[in-house]
Amino acid sequence: MKTFVTLAALAAVASAFSLPAVSSVPSRAASSRAASGAYATTSGTQFTIDGQTGYFAGTNTYWTGFLTNNDDIDTVLQHLSSSGLKVLRVWGFNDVTSTPSSGTVYFQSFAGSEPTINTGANGLQRLDYVVKSAEAHGIKLIINYVNNWTDYGGMAAYFSWAGISTNAQWYTSSKAQGQYQKYIEAVVSRYSDSPAIFAWELANEPRCSGCDTSVITEWVSTTAKYIKSLDSNHMVTIGDEGFGLSEGDDGSYPYSFAEGVDFAANCAVADVDFCTYHLYPDSWAVSPVQSWGSSWITAHGKACAAAGKPCVAEEFGSLSDQCTVESAWEATALAAAGTGGDMFWQYGDTLSTGQTSDDGFTAYYGSDLFTCLVTNHIRAIDAA
């Protein structure tokens, strides 16, 4: 999903807190020694999480790693755990091109002559605490490394330094890819032995508009192999929207290859453990929303079953009649061959500064919509 909260807005939120002292943030070694549980894996077209094989429900909170209050992070993870949600996807990137104000959280800076990775108290130590809290609450995390969109920097943050000007160039720029891999290594090395990591994700919604699909497929293959060379414990996935699909093609834009994405080819990459797809009929101008979305889910499930890997409906949302539409999609995903989990966009909660971001899709903890999309869905999964 393209997010719409700016770094300046996050700075305003962050200013309400003081960052925890460095000494209060546990070392990765100490956190890992305290962790228990097995690494999540695939099992055919399903997943095995903490020794149990089956279908999972999860959600997205892109903003969790940017919170500066540890109690707020714990609140989110505790509420997810008590609700029966098993997997949480968070942004593992936060790139800046100018020096942010004091206390603002960022992970990588392109403000100087060379990029720097921020491992300080307002940098990756914030993500450290998310992983620590996930370990404590039995939640698995999907962490990604870069954004297709300009929110929180994205591929565009690399442009000036790497001497490029488009996302299409980013995929084939040796300079951009070299720094991207350095960032991947910096993140993976912190959590490679943590059972809280569900999967490493290459990007949020990678596209290469107008490119031959081989560009992204080769990038997926190279990057997934690189991640596996750093960490053989955890799964790798792509984070794409599921574009470029022949199965079920109805001639609409999302099924086309115009964004340089070939879903089946990318899913078939050996070092990709499972495949993702997103679902936003309102943004993609397809209709009728509910039935079109259900067909999209079924088509991807069939493609994943053919590949022998599970699919995850990793993001989905409707701007109207959310309970009826999205619960129907959840039921379709649960019944679809090849789909092993779903993750609605997005979870919301009430934290020390008030409610988290509402982008029109948000289901807040304890709300009627949350009961519809989470409580009732978990019950259906348990009964399946």
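1. Is the disulfide of Cys267 and Cys275 left-handed or right-handed? In this predicted model, the torsion about its S-S bond is about 80 degrees, so the disulfide is right-handed. The sulfur atoms of Cys267 and Cys275 lie 1.9 Å apart. Cys267 is buried, with a relative accessible area of 2%, and Cys275 is likewise buried at 2%.

2. Cys275 belongs to strand E12 (residues 275–279), where 5 of the 5 residues are buried, so the strand is largely enclosed by the rest of the structure. Cys275, Tyr277 and Leu279 point one way from E12, while Thr276 and His278 point the other way. E12 pairs with strand E13 (residues 311–316) in the parallel sense over 5 bridges; the bridge partner of Cys275 in E13 is Cys311.

3. Helix H11 (residues 289–307) has 19 residues and spans 27 Å from its first C-alpha to its last, close to the 27 Å expected. Its buried residues include Trp292, Trp296, Ile297 and His300. The buried residues of H11 pack against several elements, among them E12, E13 and helix H12 (322–335). Just after H11, Gly308 adopts a positive phi of about 75 degrees.

4. The whole structure contains 4 disulfides. One of them joins Cys323 and Cys372, with sulfur atoms 2.0 Å apart. This pair links distant parts of the chain, as Cys323 lies in helix H12 and Cys372 in helix H13 (residues 368–383), 49 residues apart. Cys323 is partly exposed, with a relative accessible area of 34%, whereas Cys372 counts as buried at 9%.

5. Cys208 and Cys211 also form a disulfide. The torsion about their S-S bond is about -55 degrees, so this disulfide is left-handed. Both cysteines are buried.

Note on methods: Residues numbered from 1 in each chain as written. Predicted model: local features only at pLDDT ≥ 70, side-chain atom pairs only at ≥ 80, totals over all residues. Heavy atoms only, no water. Buried < 20%, exposed > 50% of the residue type's maximum accessible area, 1.4 Å probe, protein only. Helix = DSSP H or I, 4+ residues; strand = E, 2+ residues; numbered from the N terminus. Pairing = 2+ DSSP bridges. Expected span 1.5 Å × (residues − 1). Contact = heavy atoms within 4.5 Å. Disulfide = S-S within 2.5 Å.
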